[in-house]
Amino acid sequence: MGMWASLDAVWEMSAERRIFGAVLLFSWTVYLWETFLARRQRRIYKTTTHVPLELGQIMDSETFEKSRLYQLDKSTFSFWSGLYSEVEGTLILLFGGIPYLWRLSGRFCGYAGFGPEYEITQSLVFLLLATLFSALTGLPWSLYNTFVIEEKHGFNQQTLGFFMKDAIKKFIVTQCILLPVSALLLYIIKIGGDYFFIYAWLFTLVVSLVLVTIYADYIAPLFDKFTPLPEGKLKQEIEIMAKSIDFPLTKVYVVQGSKRSSHSNAYFYGFFKNKRIVLFDTLLEEYSVLNKDIQEESGMEPCNDGEGDSEEIKAKVKNKKQGCKNEEVLAVLGHELGHWKLGHTVKNIIISQMNSFLCFFLFAVLIGRKELFVAFGFYDSQPTLIGLLIIFQFIFSPYNERITCGNMIKKVYFA
């Protein structure tokens, strides 16, 4: 009897090691494969020094060269930041960083008078510490990307003070959403019984729909200023385009994105018959804050055509001026509205929710497997939050990677 017990123990231990080893192996395999693909793409950035024939009619040599050099720098940054992220994640797993942070969370809870029975409270402290660690370790990379790469290529418009204030604000807002939602999800899992995965999935569905609904009205304005697009030719053309595809447009906003970057974008949001369009001010020639700064400096009127300006001011406007012509703005917006017209938005919601339900179902099947917890250093306890982390992030990683690859292929062929 003792011999069989010993063999069972050896088998269980080897199973745990296999799980842990498989997670690390797959993670590094994916990283190396993506690095190989990125290296091939980088070779194209290096060797393609002239505008391809296909783009010859719509792009000049100067613009192409700027784009090529920008992508080269972004590729180098991506390599080093990706390598750091992979090494950091590996070291955290090898040296038991997750169980250590869980024990540390327990000690903090103990200082506040909460014992081990307050698992949800400990889970929230764990999440707070984990996201704080992630924010601090990622801060140098974010600073370098913003103030070296983006600055070098003329895209960054932030000061260091604005950047830090924005980062702190983002962290606080994230915690205000993450911690209550996580607490409710853990509570639902604990009281849900055998069918907790259905209730957990429904809860996450409701949360995602609520966040999508309130984001642009209540969350995004905490970081950027939104103003209605003034009456004029552009607004009329947008309304005509929306009407031509039966897009239920109610409002058009301009977001002050130029205080961060000179990159441009546009998007829409809202459900059913209450759709709204948001344009970055960097898309609009006469609306960008960058142009207003130059205008204030030179004493120019907002719609000045440039006549009578000094050569110095003209040079500044040429370097600073952002935005596109109306037809270019409509082209960018048309791409986004095309997703709506073809039903991509609804299809993505349905597919993502089917995937979410499947993941919660499989989580319900696997959460009772002690060897999963032991493989990651949890020998005496099986916290629900840790189970979510292990199963969703590590055990499901091959499946998640397959889904990600599928989405990338779909974007290549259908975007």
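## Close-ups of a predicted helical model

**View 1. Helix H5 running alongside helix H6.** The axes of H5 and helix H6 (residues 196–219) come within 10 Å of each other and cross at roughly 160°. Axes here are lines fitted to C-alpha atoms, for helices over the stretch in contact, with angles from 0 to 180 degrees between N-to-C directions. That angle makes H5 roughly antiparallel to H6 (angles under 35 degrees count as roughly parallel, over 145 as roughly antiparallel, 65 to 115 as roughly perpendicular and the rest as oblique). As for handedness, the crossing of H5 and H6 is right-handed, the label used when the near helix is turned clockwise from the far one by less than a right angle, with anticlockwise being left-handed. On the H5 side, the contact is made by Val173, Ile177, Val181, Leu184, Leu185, Ile188 and Ile189. H6 brings Phe196, Tyr199, Ala200, Phe203, Thr204, Val207, Leu211 and Ile219. Contact means heavy atoms within 4.5 Å. Sorted by type, the residues of the contact of H5 with H6 give 14 nonpolar, one polar and no charged. In that sorting, Ala, Val, Leu, Ile, Met, Phe, Trp, Tyr, Cys and Pro are nonpolar, Asp, Glu, Lys and Arg are charged, and the others, Gly among them, are polar.

A word on the model before moving on. It is a predicted one, so local features need pLDDT of at least 70 and side-chain atom pairs count only at pLDDT 80 or more, while totals for chains, interfaces and linings use all residues. Residues are numbered from 1 along each chain as its sequence is written, and side-chain values use heavy atoms, with hydrogens and water left out.

**View 2. Helix H4 against helix H5.** Here the axes of helix H4 (residues 119–152) and helix H5 (residues 160–191) come within 10 Å and cross at roughly 150°. H4 is therefore roughly antiparallel to H5. H4 passes H5 in a right-handed crossing.

**View 3. Helix H13 set across helix H5.** The axes of H5 and helix H13 (residues 384–395) come within 10 Å and cross at roughly 100°, and H5 and H13 are therefore roughly perpendicular to each other. Leu185, Leu186, Ile189 and Lys190 of H5 make this contact with Thr384, Leu385 and Leu388 of H13. By type, the residues of the contact of H5 with H13 are five nonpolar, one polar and one charged.

**View 4. Phe79 in helix H2.** Phe79 sits in helix H2 (residues 61–94). With 35% relative accessibility, Phe79 counts as partly exposed (buried means under 20% relative accessible area, exposed over 50%, partly exposed in between, using a 1.4 Å probe and protein chains only). Leaving aside its neighbours within four places in sequence, Phe79 touches Tyr31 and Thr35.

**View 5. Gln353 in helix H11.** Gln353 belongs to helix H11 (residues 344–366) and is buried, at a relative accessible area of 15%. Setting aside its neighbours within four places in sequence, Gln353 is in contact with Trp201, Leu205 and Ser208.

View 6. Asp224 is placed in the loop between H6 and strand S1 (226–228). At 16% relative accessibility, Asp224 counts as buried. Neighbours within four places in sequence aside, Asp224 is in contact with Val255, Gln256, Lys259 and Arg260. Asp246 is found in the loop between helix H7 (233–244) and strand S2 (249–255). This one is exposed: Asp246 has a relative accessible area of 60%. Phi of Asp246 is near 60°, a positive value in a residue other than glycine.

**View 7. Cysteines Cys109 and Cys176, plus the whole chain.** Cys109 counts as buried at 3% relative accessibility, whereas Cys176 is exposed with a relative accessible area of 54%. Searching the whole structure turns up zero disulfides (a disulfide being a pair of cysteine sulfur atoms within 2.5 Å). Zooming out, the protein chain has 14 helices and four strands. Helices (H or I, at least four residues) and strands (E, at least two) are DSSP runs, numbered from the N terminus. Of the 415 residues of the protein chain, 33% count as buried. Among its contacts between residues at least 6 apart in sequence, 71% join residues at least 24 apart.
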